Amino acid sequence: MERPLVVLPTFLEAANIVEALERIRATVPDAEVLVVDDGSPDGTADLAEAAGERLGGVHVMRRPGKGGLGSAYREGFAWGLGRGYDALVEMDADLSHDAGSLPDLLRPLGQGADLVIGSRYVHGGSTPDWPKKRALLSRSGNRYAGIMLGFEVRDSTAGYRAYAADLLAELELDAIRAEGYAFQIEMTRAVHQAGGEIREVAISFSDRIEGTSKMSGRIVVEALALVTWWGLLDRLRLRGRAR
């Protein structure tokens, strides 16, 4: 893709943001980055702007408060679509996503894919820092989502992914309301229902070293509840069409 935009939602990522931007620039020099910062009191946005002056191609969107992951991506996608980028990438700013995998995510978009997911659960993917119980829970949740929502995606909760702008522009982003894991699943469902081609490429996912994880048990419960609700809605719609 000729004009990729990497969207980085941030909150309290002062310890990681500069290195994250440097890694992206070193790996994909032609990519630009939009940092969507939710009013981080630790100066994350200021650090991103300073790094951007040095690296080039870095934009910072300052939001007044913590609006959530899904909201940050929706605003970031709208910003990128309005400026003509042809690929939009989701990526964490905490260094858990290896910037070295960016070319692998972007390449299939030029070969007909509409959504490319950096997957922990296809051949070659891994979660080297995870205990077995956590990995089993994640795999089981992804399997449940696939069964309930009717797609064969092994890692629909993955937050490292790339979208073709043409397909993303067709989706009703304002109708995507979930946050956290559920946001990633809802976006996967939306692409699937729009007839988009979804591919998965293997990545290695590492836990953050600096800072504190924003994931919580509430977000996991929300995701499971929403997947169940969406699955039931889809089945009711199919029955209604069959009558």
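## Second largest pocket

The second largest pocket is lined by Ile147, Met148, Leu149, Gly150, Arg189, His192, Gln193, Asp234, Arg235, Arg237, Leu238 and Arg241. This is a predicted model. The volume of this second largest pocket is about 260 Å³.

Three helices, helix 5, helix 7 and helix 8, each give at least two residues to the lining. Helix 8 contributes the most, with 5 residues. Sorted by class, the lining holds 5 charged, 4 nonpolar and 3 polar residues.

## Nonpolar cores

The largest nonpolar core counts 36 residues. Phe77, Leu168, Leu171 and Met187 have the most contacts inside this core. Helix 7 provides the largest share, 6 residues.

Which residues does Phe77 contact, leaving aside neighbours within four places in sequence? They are Val7, Leu88, Glu90, Tyr163, Leu168, Leu173, Phe183 and Met187. Another core, of 28 residues, lies apart from the largest one. Its members include Ile24, Ala31, Ala87 and Tyr160.

Strand 6 spans residues 161-164 and is covered on both faces. Arg161 and Tyr163 are buried on one side. Ala162 and Ala164 are buried on the other.

Strand 4 (residues 87-90) runs antiparallel to strand 6, and 4 bridges join the two. Within this pairing, Val89 has Ala162 as its bridge partner. Strand 5 also pairs with strand 6 in the antiparallel sense, over 3 bridges. Here Ile117 has Arg161 as its bridge partner.

## Asp42

Where does Asp42 lie? Asp42 sits in the loop between strand 2 and helix 2 (44-55). The cut-offs are under 20% for buried and over 50% for exposed.

Not counting residues up to four places away in sequence, Asp42 touches Leu12, Glu13 and Ala14. Asp42 and Phe11 are 31 residues apart in sequence. In space, their C-alpha atoms are 8.6 Å apart.

Technical notes
Residues are numbered from 1 along each chain as its sequence is written. This is a predicted model: local features need pLDDT of at least 70, side-chain atom pairs count only at pLDDT 80 or more; totals for chains, interfaces and linings use all residues. Side-chain values use heavy atoms; hydrogens and water are left out. A nonpolar core is a set of buried Ala, Val, Leu, Ile, Met, Phe, Trp, Tyr and Cys residues joined through side-chain atoms within 4.5 Å. Buried means under 20% relative accessible area, exposed over 50%, partly exposed in between (1.4 Å probe, protein chains only). Helices (H or I, at least four residues) and strands (E, at least two) are DSSP runs, numbered from the N terminus. Contact means heavy atoms within 4.5 Å. On a 1 Å grid over the protein atoms alone, a cavity is a set of points where a 1.4 Å probe fits but cannot get out, and a pocket is an open set with protein on both sides within 12 Å along at least five of seven lines; lining residues have an atom within 4 Å of a point. Grid points are joined across faces, edges and corners, and a volume is the space filled by probe spheres set on the points. Ala, Val, Leu, Ile, Met, Phe, Trp, Tyr, Cys and Pro count as nonpolar, Asp, Glu, Lys and Arg as charged, and the others, Gly among them, as polar. Two strands pair if DSSP finds at least two bridges between them.
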